[in-house]
Structure formats: structure tokens, C-alpha cells
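Please examine the sequence and the model shown below.

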Amino acid sequence: MQSEIKSVKEFSVPALGLGTWQLRGKKCENTVRKAINFGYRHIDTAIFYENEEAVGRAIADFNREDLFLTTKVWKDKLHYRDFKRSAEASLKRLDTDYVDLILVHWPNPDIPTSETIKAMNELVKEGKTRHIGVSNFSRSQLDEAINLSDYPIVNNQVKYHLGMDMEPMLNYCRENDVLLTAYSPLGRGKVLEREELSNIAAKYGKTPGQIALKWLIVQENVLAIPKTGSEGHLKENIQLFGWSLEEDDLEVLNQLKIETHID
Ligand SMILES: NC(=O)c1ccc[n+]([C@@H]2O[C@H](COP(=O)([O-])OP(=O)(O)OC[C@H]3O[C@@H](n4cnc5c(N)ncnc54)[C@H](OP(=O)(O)O)[C@@H]3O)[C@@H](O)[C@H]2O)c1
């Protein structure tokens with residue numbers, strides 16, 4: 001099964017991607033390869049995950065243009081020159097000429113955003129990234145980045161899962177053509193323990209994980225990147241398309257409040 005696509009203006013990305021944090025070496029390489037064979041077309045990595053080389057080895061077996069690849073630059077490398085060097089080193093490790101999206105992994109108040117944006121804009125011009133975005137940015141930080149950039153800031157990647165209220169950020173994103181990527185979309189497994197979720201899953205013959213992910217990706221402007229190293233979960237997490245949740249069930253899910261206390 002393949003993911004549906006989400007778009008804003010000229011930016012399009014599969015709504016369901018594979019998160020790779022904590023996958024390393026052979027395990028990461030094999031998982032990414034399996035994921036692509038199962039229909040995943042969107043892979044999320046970062047310098048911080050120390051797995052770009054493994055991701056690079058896995059994607060080498062496929063047509064690069066069929067894949068959507070995101071990487072992220074760490075917060076101590078946001079000065080102009082550092083950012084460019086860091087991005088170029090990522091391309092080497094990923095063994096590719098370009099990424100589809102490069103993100104600032106975390107904001108850094110000690111480094112002027114204008115420097116980072118200048119570097120990101122140049123990377124777009126040089127064809128080293130197709131799009132640029134941010135991660136863990138507040139609305140005001142995102143607003144500043146958008147105002148400084150010649151190219152659209154198409155994405156903010158933030159923690160978002162069932163039981164969290166994301167309305168203010170989502171409204172901002174919808175008004176400004178930004179897609180929101182939900183990281184930790186399963187709350188690292190913690191949201192799956194809720195009884196309401198098991199009841200709805202049983203009604204549709206789905207798993208709690210599928211319901212939690214479906215709740216995210218039916219929302220306008222929202223993508224999700226669950227991480228898994230398990231073959232069963234890889235298959236399960238992409239089976240989200242071609243079925244729908246009834247309004248009443250979505251309403252029950254919308255009302256949940258869940259604190260996962262994860263960072
Ligand atoms: N930008 C940022 O600052 C940031 C921060 C955190 C994460 N991220 C990105 O977001 C991705 C996902 O977030 P995450 O890794 O924190 O958490 P997550 O995807 O919410 O949860 C991953 C955990 O859920 C389990 N799992 C996966 N599918 C499942 C299923 N269908 N049923 C039951 N359990 C399941 C996994 O175990 P198994 O492996 O055993 O399946 C793993 O323990 C990361 O890998 C990374 O790419 C970004």
C-alpha cells in the first residue's frame with residue numbers, strides 16, 4: 001500500500017513517512033529497505049540520529065526520484081557556514097545529490113535566524129534541497145523564519161499525537177501554507193494504552209496504532225512519521241488508506257486528553 005499525498009502550493013509529500021530515530025547501522029538499513037518495499041516513499045532522518053549512511057545504503061537500491069527524503073541540521077550548526085557545511089556532509093553520507101526537505105532540528109536563540117535562512121535559501125538555489133522547513137518552532141519563531149525567507153517554509157515538524165491540542169499551531173500552518181509533521185505520533189507507544197482507542201479499533205477491525213495514526217493524517221495539513229523497527233508494525237502503519245472513521249468516533253478521539261511526558 002502507498003500513502004496518500006498532502007500538498008500546499010508546490011510542496012507535496014506522502015502523508016505517512018517512516019521515522020528513523022534510534023534505528024542505526026544494519027538494522028536501520030534493513031528497516032528502510034523493507035519499508036520502501038512495503039510502499040513507504042517518505043523517510044525521515046537527521047544528523048542527530050547517526051544513521052544517514054545507513055539510510056543512504058538502503059535508498060541506493062531504489063529510484064531516488066520516487067522517494068521523499070528529509071534530514072535535519074542540529075541546533076549548534078545554524079550559523080550560515082556551519083549550516084551549509086553540515087547539509088553538504090549529510091548529502092555525502094546519504095549518498096545523494098539532494099534531499100527533498102531540510103529542516104532546522106531545533107531553534108537556537110543564540111544564532112540569528114537570518115543566517116540560517118540565508119544558508120537554506122542558497123541550498124535551494126544550488127539544488128541541494130528541494131524544500132526547506134523547521135522543527136520544534138513556536139508560532140512566533142515560524143513567523144520570523146517565513147518573513148526572512150525568499151523560499152517558502154513548507155514544514156514545521158513537532159510532537160503531535162492523540163490527546164494533544166495542536167489547534168493554534170495548526171491554524172497558523174493552514175493560514176500560511178505550512179504542513180505540520182507529527183513526530184512521536186504514537187507517543188512512543190504510550191497513547192496506545194487508552195481504552196477508547198481499543199474500542200474504536202475493535203469496531204473497525206484495525207489496531208490501536210492504525211486508529212491513532214489515522215486520526216492524525218485525516219487532519220488538514222497534518223503528516224505523520226511513526227518509527228518502527230518491526231516488520232509487523234511497518235506493514236500495519238501504512239495500511240491507513242481506503243477506509244475512514246465515522247464522525248462520532250473522530251469526535252471521541254478529539255476529546256481525549258493524554259499526557260505522554262516524552263521529549
Ligand atoms: N524533530 C524532532 O525533534 C523529533 C523528535 C522525536 C522524533 N522525531 C521523528 O519522529 C519519529 C517518530 O517518533 P518517535 O520515534 O519518538 O515515536 P513514535 O513513532 O510515536 O513511537 C515509536 C515507538 O512505537 C512503537 N510502534 C511503532 N508502531 C507501532 C504499532 N503499530 N503498534 C505498537 N507500537 C508501535 C515502536 O516500537 P517498534 O520499533 O518495536 O515497532 C517504538 O517503540 C522519529 O523516529 C523521528 O524520525 C523527530
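Two strands pair if DSSP finds at least two bridges between them. Helices (H or I, at least four residues) and strands (E, at least two) are themselves DSSP runs, numbered from the N terminus. The model is predicted, and local features need pLDDT of at least 70, side-chain atom pairs count only at pLDDT 80 or more, and totals for chains, interfaces and linings use all residues. Residues are numbered from 1 along each chain as its sequence is written.

To which strands is E9 joined by three and by five bridges? Three bridges join E9 to strand E10 (residues 222–224), and these strands run parallel; here Leu-180 stands opposite Val-222. Strand E8 (residues 153–159) is joined to E9 by five bridges, again in a parallel arrangement, with Val-158 opposite Ala-182. Helix H6 (residues 167–175) belongs with E8 and E9 to a right-handed β-α-β unit. A crossover is called right-handed if, with the strands pointing away from the viewer, the path from the first strand over the helix to the second runs clockwise.

Five of the five residues of E9 are buried, so the strand is largely enclosed by the rest of the structure. In a regular strand the side chains alternate between the two faces of the sheet. In E9, Leu-179, Thr-181 and Tyr-183 point one way, while Leu-180 and Ala-182 point the other way.

The loop between E9 and helix H7 (195–204) contains Ser-184. Phi of Ser-184 is near 45°, a positive value in a residue other than glycine. Ser-184 counts as buried because it has 23 C-beta neighbours inside 10 Å. Gln-22, in the loop between strand E3 (18–19) and helix H1, also has a positive phi, near 80°. Gln-22 is partly exposed, with 13 other C-beta atoms within 10 Å.

A residue is near a molecule if its C-beta atom, placed from the backbone, lies within 6 Å of it. The ligand is surrounded by 27 residues, and the closest are Gly-19, Trp-21, Tyr-183, Gly-209 and Lys-227. Helix H9 (residues 231–238) gives the most to this shell, with three residues.

Helix H2 (residues 52–59) is mostly covered, since six of its eight residues are buried. Among them are Val-55 and Ile-59. The buried residues of H2 pack against helix H1 (25–38), strand E4 (42–44), strand E5 (68–73) and helix H3 (80–94).

The protein has 10 helices and 10 strands, and 43% of its 263 residues count as buried. Two residues are in contact if their C-beta atoms, placed from the backbone, lie within 7 Å. Of the contacts with a separation of 6 or more, 73% are between residues 24 or more positions apart. The radius of gyration, taken over C-alpha atoms, is 18 Å, which agrees with the value near 18 Å for a compact globule of 263 residues. The globule rule behind that value is 2.2 Å times the number of residues to the power 0.38.

How values were computed: Buried ≥ 20, exposed ≤ 12 C-beta atoms within 10 Å, placed from the backbone.
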